[in-house]
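Trainee: I am new to this structure. Please show me how to read a few of its features.

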Amino acid sequence: MALGDLARTIAGGRAGSAGSAVGKAGSAGGAAPGAPGDPPYTRGIHPSMYRSRLWTMRQYAGFGTAEASNERYHYLLSLGQTGLSVAFDLPTQMGYDSDAERARGEVGRVGVAISTLDDMERLLRGIPLEKVSLSMTINATAMILLALVVAVADRRGIPREKLSGTVQNDVLKEYIARGTYIYPPAASLKIATDLFEFGADEVPQWNTISVSGYHIREAGSTAVEEVAFTLANGLEYVRAAVDRGLPVDRFAPRVSFFFNAHNGFLDEIAKYRAARRLWARLMEERFHPRDPNSLKLRFHAQTAGSSLTAQQPHNNIARVAIQALSAVLGGCQSLHTNSFDEAISLPSEEAATAALRTQQVLAYETGVAATVDPAGGAAAIEERTDRIEREAREMIEAIDALGGAVRGIETGHQARAIERSAYEYQKRVERGEQVVVGVNRFGDPDDMARPIFALDPRLEERQVARVREFKEARDMDLARHAVGRVEESARRDLNLVPAVIDAVKAGGTLGEISDALRRVYGTHDPRA
């Protein structure tokens, strides 16, 4: 008997077509949660889950120059990591070249610096793009970074349809929780939709958005707010694409999600199950897709950076392991486990190795991968699943009443709710009601993390010099003309992605393309 058939037998068999089953299996009223792989996917999006394929172990990494990050990626792959996740520095996230005045002091500091096609070539050197999936945590400049990857693949002769990976491309949550936006919300939504359209045609295995609750939770939201605000943003993206005329089944199967694996073990397991079920139901109710894959909420999880402590840093290994276990029991498709020293520095090799080994212990020693939805059916899990779904739906309906996620962002609705939750949490910590081991109880003032990884300041100097050399060596007229085409495409409201790919191939840089779009769209000022 095949693994998938075995899982279906164990779970009691499948239940008809996707859409017809969405509203039946599992509900806030406590009905049975249904079978794994059946809509509304409470128990997982695949019948056999990890019995047939483990989650992808995808450690988020990037610092300094492209060469330094490329070396770390090869190191992680040699340890058994199965996917790459790229962190970019702030200038790259905000659309500035490394040699820009506003980039000074930030180049390569929180991620890798990428300004040119040559930078991307060096970052991906020796990485088989047709075999290794590549996730990029990038939003306002997501279109440009994906264009650079496509340009590298074109140079290598790799068919675009063989590229697999994810670009976060979730700008709406930047206005709510993170702040690395450039353009006003409407322009950002237009650019995100351009990527949906391009991806469906040219890179069909690429997830053109990862709707992120991670940063919403890191900013201080509750688990329910994380689900509600994330799904509300997801609905806004789907609505924008449908309004443009894209058939929902053409892009919705490539919409993915990104959640936080936080403290509160049982709530976290239930959170993922509730999010999956609620997304399937909302998609069915509002967009009526015919492809069941359009209903499936696929998600990456990362353990909670905000839960790491500088005090007694080795406690973080236990925190990360428990948080990661909740994501696995909740049915994640890929997972990042934080390094124990991240409260005070970029991860050292020792800490990054321990973090990856944590995932490998979960996968190969605990036995949890052998059972589909092992926590399902427990009263504590099902009750929490029902409650989180019910409360998140109420919050989404409140956002609907405001006019949708973008309108809510413009009024500050989501940001105020997160601020309230963060404030209440901090008061509980300071009163000692919320115990943080090693911080407000069981402390040891002598056990503090010391920075064990320090960025070489000469990396910034080398990156700046390299970008200047690139600009001096290129055909300036060709680059200027290609960037001008990007600006013209924006003024004519055309899909921008083809022009951006042409521009990076012609020597246009990330900063120059971003500036061209600033001239058309302007920039977002939250005080306006």
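Mentor: Start with a single residue in this predicted model. Leu117 has a relative accessibility of 1%. Buried means under 20%, so Leu117 counts as buried.

Trainee: Where does Leu117 lie?

Mentor: Leu117 is in helix H5, which covers residues 117–123. From Leu117 to Ala398 there are 281 residues in sequence and 44 Å in space, taken C-alpha to C-alpha.

Trainee: Is Leu266 buried, partly exposed or exposed?

Mentor: Between the buried limit of 20% and the exposed limit of 50%, a residue is called partly exposed. Leu266 has a relative accessible area of 33%, so Leu266 is partly exposed. Leu266 belongs to helix H12, residues 265–287.

Trainee: Which residues make the nonpolar surface patch?

Mentor: Leu266 makes that patch with Phe265 and Ile322. The patch has an area of about 230 Å².

Trainee: How should I read a pocket? What is the volume of the second largest pocket?

Mentor: Take the volume, then the lining. The second largest pocket has about 920 Å³, and 36 residues line it. Arg217, His262, Asn263, Tyr425 and Gln434 lie nearest its centre.

Trainee: Which helix gives the largest share of the lining of the second largest pocket?

Mentor: H17 does, with seven residues. Helices that each supply at least two residues of this lining include H9 (214–218), H10 (223–244), H12 and H17 (413–431).

Trainee: How many residues of the lining are nonpolar, polar and charged?

Mentor: The lining of the second largest pocket has 14 polar, 13 nonpolar and nine charged residues.

Methods
Residues numbered from 1 in each chain as written. Predicted model: local features only at pLDDT ≥ 70, side-chain atom pairs only at ≥ 80, totals over all residues. Heavy atoms only, no water. Patch = residues over 30% accessible without salt bridge, like charges linked within 9 Å, V, L, I, M, F, W, Y side chains within 5 Å. Areas by Shrake-Rupley, 256 points an atom, 1.4 Å probe, with all protein chains shown as cover. Salt bridge = Lys/Arg side-chain N within 4 Å of Asp/Glu carboxyl O. Helix = DSSP H or I, 4+ residues; strand = E, 2+ residues; numbered from the N terminus. Buried < 20%, exposed > 50% of the residue type's maximum accessible area, 1.4 Å probe, protein only. 1 Å grid on protein atoms, 1.4 Å probe; cavity = no way out; pocket = protein on both sides within 12 Å on 5 of 7 lines; lining within 4 Å. Points joined across faces, edges and corners; volume = space filled by probe spheres on them. Nonpolar A, V, L, I, M, F, W, Y, C, P; charged D, E, K, R; others polar.
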